[in-house]
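I set out to record what can be looked up in this structure, entry by entry. Each entry keeps to one topic.

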Amino acid sequence: MKKAFLCAIVALTLPGFVIAKDVEAMKVNGKSISLSEFEYLYNKNKQQQVEPQTFDQYVDMFVNYKLKVADAVNYGIDTTKSFNREFKLYCHELAKPYIEDAELQELLEREAYSWLCEDVNVSHVMMPLVDSLTNTRAAAIAHADTVKSMLDNGAFFKLIVMRYSIDPAKMHNLGEMGYLPWGRTPYTFERAAHNTPVGNYSEVVETPFGLHVIKVNGKREAKSMHVQHILKLVPKDADMATINTIKAEVEGIRNRIIAGADFSEIAKNESQDPGSSANGGELPWFTAGQMVKEFDEAAYLLKVGEVSAPIRTDFGFHIIKKLEEKLPPSFEEALPNIRKRISMDERKDAPYLKKISELKQKFKYKEVETVFDTYIDAAKESGALDSAMIDKISKDHTVFATYDGGSVMISELTSEISIKSEQQTADNAIDAINKAKATVVNKHIENREIQDLIDNNVDFRNIVNEYRDGLLLFDISNKKVWNKANQDTEGLTEYFDKNKSKYSWDAPKYKGYLIHTANDSIAKMVKDELTNLDSDSIPKVLRRKFQRNVKVEKVLVGQGDNARIDVCVYGASPESVTVNEKFPIYFTTNGKLIDAPEDVNDVRAQVVVDYQNYLEEMWIKELRGKYKVKINNKNLKKISN
């Protein structure tokens with residue numbers, strides 16, 4: 001309900017016209033309301049009106065709205081944790097376009113699309129992220145740099161792979177990964193692969209898996225392919241005579257196809273691939289890297305409709321026929337997938353961090369670089385981030401950074417730092433401290449920019465104020481009207497008794513119970529039980545005693561509203577009722593026909609709505625006497641005219 005209410009209040013559509021000078025429209029309970037805020041909401045209201053409303057009527061409605069907000073503030077709703085949590089979250093969401101570098105975001109998206117259009121054939125040497133002897137990253141990077149120098153100086157790549165690579169697949173592929181499509185490897189690996197010229201080695205690249213030196217073997221236009229194939233298996237222990245016999249058999253099959261034989265029929269009858277033979281050898285669409293290297297490269301080179309020569313893989317000999325191929329989608333079509341991919345790696349924060357860097361300059365951010373030396377030295381000495389260090393940080397209120405309008409203390413890092421097993425090395429402990437420091441600083445700078453937007457950007461301020469007031473209005477309306485009307489049983493009853501004449505029916509209604517039972521025997525026992533029960537205890541007692549063998553309905557219905565009541569009360573034919581196999585027997589009890597509602601529960605929903613309207617009227621009357629309103633009619637005329 002709350003979200004729906006706020007959505008009705010808040011829209012991100014900005015007004016087409018903004019008053020040049022933000023003068024005062026009115027003052028409510030001492031708080032000044034700017035003309036731009038009034039105009040923004042007035043223009044929005046005009047667009048959403050179902051029935052025409054005069055300017056004076058809107059001013060009156062607006063004053064009531066602001067009086068309710070003032071009452072919410074008077075009750076301290078704006079100081080509650082729940083309010084501030086939701087309000088701050090909204091401000092941060094609204095400020096995203098201002099705290100992300102749009103140009104960098106598009107650059108990353110265009111870069112990703114260029115990679116989507118290109119497959120890269122790579123090999124790599126993968127080395128550990130942390131040196132096993134010194135337990136440091138610095139030593140691991142130095143070792144990787146040495147391996148890179150060896151390759152640059154002409155060392156044989158496959159020997160380097162066998163000696164230094166920690167990739168478990170090296171025994172099988174000697175570092176060769178074949179053609180890789182976009183999105184298959186971590187961003188840093190992918191960027192190095194695409195940016196390194198064919199035949200060259202990349203610089204040392206770090207991924208979550210290790211340190212890599214990448215050799216680029218080739219590049220090609222990306223395609224997705226649809227093929228069918230025929231496979232003849234070659235046993236792993238086959239000798240050359242057997243291999244040549246199988247190859248000759250496959251060549252014979254190809255010759256039959258070239259001569260006009262049906263590829264699909266031969267695949268069904270002779271292919272030894274159990275996954276595709278029944279389907280005429282047809283395989284699902286695939287892209288680079290999804291098939292073994294030899295199969296992939298042969299399929300790529302075929303033209304649509306062309307049949308390959310026999311292709312040898314670890315499985316055996318294949319004949320491939322290309323059925324279809326597709327080039328990558330347009331940038332616009334690919335963009336949703338590109339954005340999803342970017343959101344899953346380090347690129348997601350790049351536009352934000354770039355903007356934060358610019359905002360640091362804007363707000364003259366300065367940092368005392370040596371203030372963390374004590375903690376860095378302690379991490380190096382202990383080789384870990386422990387509870388004692390975190391406790392010391394939590395009590396250290398030293399300011400380590402300042403900016404226009406604020407400062408940052410060391411103790412603030414406590415909310416962003418914790419003890420984790422992966423921090424139990426000196427390097428990782430230092431990283432954890434630096435990461436916490438960066439997160440805290442970024443939040444400060446982001447909050448400073450949000451405040452700057454509120455202070456200096458009229459459109460942003462008006463939307464923020466609208467959402468803030470909407471939150472306050474919802475909570476105070478709940479307190480004063482909506483929840484009160486539902487929960488105030490005494491007030492509802494009193495209101496109904498005073499206004500009984502408002503609630504009437506065109507025809508009598510039956511008020512009582514409709515009992516359903518599983519069979520006649522249960523029905524007889526229920527009727528016997530009813531002789532000892534008062535009306536209010538009927539549902540509870542029957543359900544407890546007869547459980548799933550009985551269903552009890554309290555009803556208030558007119559003729560034609562319920563087929564079973566029509567039979568029991570109004571004399572309708574039993575044949576008009578569809579039999580319920582679970583509860584075929586039914587009857588009424590403790591009921592009567594009434595010409596008009598007897599109590600508030602007979603028309604509760606209608607009374608609640610009317611009582612809410614009454615409470616609203618009384619509340620506004622109270623607010624008008626409680627808070628002072630001063631309207632600047634001279635300034636308001638700038639809009640009304």
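In which sense do strand 11 and strand 12 pair, and over how many bridges? I found that strand 11 (residues 399–403) pairs with strand 12 in the antiparallel sense, over 4 bridges. Before going on, I note that this is a predicted model, in which local features need pLDDT of at least 70, side-chain atom pairs count only at pLDDT 80 or more, and totals for chains, interfaces and linings use all residues. Residues are numbered from 1 along each chain as its sequence is written, and side-chain values use heavy atoms, with hydrogens and water left out.

**Entry 1**

I noted the terms before the details. Helices (H or I, at least four residues) and strands (E, at least two) are DSSP runs, numbered from the N terminus. Two strands pair if DSSP finds at least two bridges between them. Strands of a sheet pair through backbone hydrogen bonds, either parallel or antiparallel.

I read the order of this open sheet of 3 strands as 10-11-12, with antiparallel pairing. Strand 10 (366–367) and strand 12 (406–409) each have a single partner strand and stand at the edges, so one side of each is left without a neighbour in the sheet.

Helix 17 lies across strand 10, strand 11 and strand 12, and runs at about 25 degrees to strand 11. The axes are lines fitted to C-alpha atoms, for helices over the stretch in contact, and angles run from 0 to 180 degrees between N-to-C directions.

Within helix 17 (residues 426–456) I picked out D452. Is D452 buried or exposed? D452 is buried, because its relative accessible area is 16% (buried means under 20%, exposed over 50%, partly exposed in between, with a 1.4 Å probe and protein chains only). Leaving aside residues up to four places away in sequence, D452 touches K362, F363 and N457 (contact means heavy atoms within 4.5 Å).

Strand 1 (residues 24–28) pairs with strand 2 over 4 bridges in the antiparallel sense, and V28 has K31 as its bridge partner in strand 2.

**Entry 1: strand 6 and its partners**

Strand 6 (residues 210–221) runs antiparallel to strand 3 (residues 118–127), and 10 bridges join them. Here H124 stands opposite I214 in strand 6. Strand 5 (residues 205–207) also runs antiparallel to strand 6, joined to it by 3 bridges. A hairpin leads from strand 5 to strand 6 through 2 residues, and T207 has G210 as its bridge partner in strand 6.

**Entry 2: salt bridges**

How many salt bridges does the structure hold? I recorded 41 (a salt bridge is a side-chain nitrogen of Lys or Arg within 4 Å of a carboxyl oxygen of Asp or Glu).

In the pair E176 and K158, the closest N and O atoms are 3.6 Å apart. E176 lies in strand 4 (residues 176–180) and K158 in helix 7 (residues 157–164), so the pair ties together parts that are 18 residues apart in sequence. Both count as partly exposed, E176 at 30% relative accessibility and K158 at 32%.

For K322 and E325 the closest N and O atoms are 2.7 Å apart. K322 counts as buried at 1% relative accessibility, whereas E325 is partly exposed at 33%.

K545 forms a salt bridge with E529, with the closest N and O atoms 2.8 Å apart. K545 belongs to helix 21 (residues 538–546) and E529 to helix 20 (residues 520–530), so the pair ties together parts 16 residues apart in sequence. I also noted one network, in which salt bridges that share partners join K511, K592, E598, D599 and D602.

**Entry 3: P336**

I placed P336 in helix 13 (residues 331–342). P336 is exposed, with a relative accessible area of 53%.
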